[in-house]
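Open the model in your viewer and keep the selection tool handy.

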Amino acid sequence: MAAENDFVKDITKKSVDFSAWYVDVVKKAELADYSPMKGMMVIRPYGYEIWELIRDQLDRMFKESGHRNAYFPLFIPESFLQKEAEHVEGFAPEVAWVTVGGGEVLEERLAVRPTSEAIICSMYSKWVKSWRDLPILYNQWANVVRWEKVTRLFLRTTEFLWQEGHTVHATAEEAEEETLRMLATYRTLAEDYLAIPVVTGRKSDSEKFAGAVRTYAIEMLMPDGKALQAGTSHNLGQNFAKAFNIRYESKEQKLEYAWQTSWGATTRLVGALVMTHGDDSGLILPPRVAPIQAVIVPISAGNWKETVLPQAQKVFSDLKAAGIRVFLDDRDAYTPGWKYADWEMRGVPVRVEIGPKDIDKQQAVLVSRLDRKKSFVPWDKLAEELKRLLEKIQGDLYAKALAFRDASTHELGTFAELKEAMAGGRGFIRCGWCGGADCEAKVKSEAAATIRVILDKPEPAAKACAVCGKDAPHTVLFAKSY
RNA sequence: CGGGGCGUAGCGCAGCCUGGUUAGCGUACACGCUUGGGGUGCGUGUGGUCGGUGGUUCGAAUCCACUCGCCCCGACCA
């Protein structure tokens, strides 16, 4: 595989071993590393900067829709967790417990939060009295712990970072509206910022959040044909309100249980970025979430520090002033070629080369990370052209991911076809479902696939259940999931 | 947690089957010169209690037992 443009040499080829490639990219691009504790990772600055860009964008969108940030405790008393029956049953197997504090055995053990419904709802029951208190639209940025048996960098770790929104409403309609609004927010983040197309829809009962009435999700399709759940939005109905006694007095002077939602997205999104856009040379970051959007590589020839470097520095400050996240790689120890490979591995969308020839011509060379295509741009047009190129890359990445997703989504009618697809190239299988848990379970046990989403208003709608052949009120997407 | 694979220098590996000098190679790192528009070249160096514990043996990276970690395939999950 020593192809002509095979410049990055210490990464397993994506096509050869996808899992090894993924780990290589995460580690070589210095996004994260394994820690001494099993299943727990260290997010390194470059990885964290990506998360910060995602986080900041989500935070802006949350605030635009009226949400406020708050912070609730890390520990949850066991009795609180047990108030909602389905909830505790769903999370109990993966909870870490604190049993000793300050050298004393605790009277009641404390759960390290796997999610915060219990602790937040206990506070909401104190704060909600009247219809005038509603809605409550809070979000928190936090870490949670889930004792997973199998972990993978970013995709599933024992501790992870996320946001969890928790809202309280006066009516069922408002809660459903909120649930769908936040689902749409996640879609916007994924498609417009991460450049990853998603399908949205409802989860089947077996896949829904423990304690929710309805769970919606955004699902992405990864290059290995497996689906990644990248954000969830739950309509909790009155389940938690009843368990935690969250009641308000209505305008009609009646005591009513409130209606709630919760929704979350995690650092898993960073893993989704890596898998979706990366290639054999490493990471490719969509410009909108790239900590470094353009890297300037001065060509270090001869007395370059006197000739080339000053111009590179000027370009750097011009681009920075134009609002571009730019980095000047003036390291003396490395040759230009080495730097090219290094920054490609780290996924920087555009490289700006400035050398002696460019000084003469008053230009710079822009090179796209996507296709290594070069363009020669006069200094006075540089910021403008670079912005245009960044937007183009953002769009191209999305288009590429969308084309893959569409090509990997198959309309299939029978169980045999479904099984065959799962054994082969996988992907999304679009088919009918009667709604029966038996049929769903059969697909899971025999084809290792689950219903990722029940599609909202499928066009065309499937006629018959792919498993049992009976009438299919639902059209669903089956896939093998992460 | 079941099945499989792998742990030897920061990273990638050889050595192990068949126990025996001072444990090698590539790369990275440090220094010098050289070079510089796709991982420059040459030289000199630094760096390893061979994942851990215990055992067998005169002697263990090598054989045995246990254990920890990582990866893949299943069951559980964001």
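Start by selecting Gln394: its side chain reaches the backbone oxygen of Tyr193 at 3.1 Å. That pair is a polar contact (N or O atoms within 3.5 Å; within protein, one must be able to donate a hydrogen and the other to accept it, and residues adjacent in sequence count only if both atoms are side-chain atoms).

A word on the ground rules: this is a predicted model, where local features need pLDDT of at least 70, side-chain atom pairs count only at pLDDT 80 or more, and totals for chains, interfaces and linings use all residues. Residues are numbered from 1 along each chain as its sequence is written, chains are lettered from A and ligands numbered from 1 in the order in which they are written, and side-chain values use heavy atoms, without hydrogens and water.

Is Gln394 buried or exposed? It counts as buried, at 5% relative accessibility (buried is under 20% relative accessible area and exposed over 50%, with partly exposed in between; 1.4 Å probe, protein chains only). Now show what touches Gln394: beyond its neighbours within four places in sequence, the contacts (heavy atoms within 4.5 Å) are Asp192, Tyr193, Ala195, Pro286, Pro287 and Arg288.

Gln394 is found in helix H12, so numbered because helices (H or I, at least four residues) and strands (E, at least two) are DSSP runs counted from the N terminus. Select H12, residues 382–407, and you will find this helix packed on a sheet, touching E15, E17, E18 and E19.

Next, colour that sheet. Its five strands follow the order E16-E15-E17-E18-E19, in an open sheet with mixed pairing (two strands pair if DSSP finds at least two bridges between them). Strands E16 (326–328) and E19 (374–378) stand at the edges with a single partner strand each, so one side of each has no neighbour in the sheet. Zoom in on E18, residues 363–368, which runs antiparallel to E19 and is joined to that strand by five bridges. Here Val365 stands opposite Phe376 in E19.

Finally, show RNA strand B. For contacts to the bases, pick the side chain of Asp358, with an N or O atom 2.4 Å from a base nitrogen. Then pick Tyr482, where a backbone N or O atom lies 2.7 Å from a base nitrogen.

Definitions and conventions. Axes are lines fitted to C-alpha atoms, for helices over the stretch in contact, and angles run from 0 to 180 degrees between N-to-C directions.
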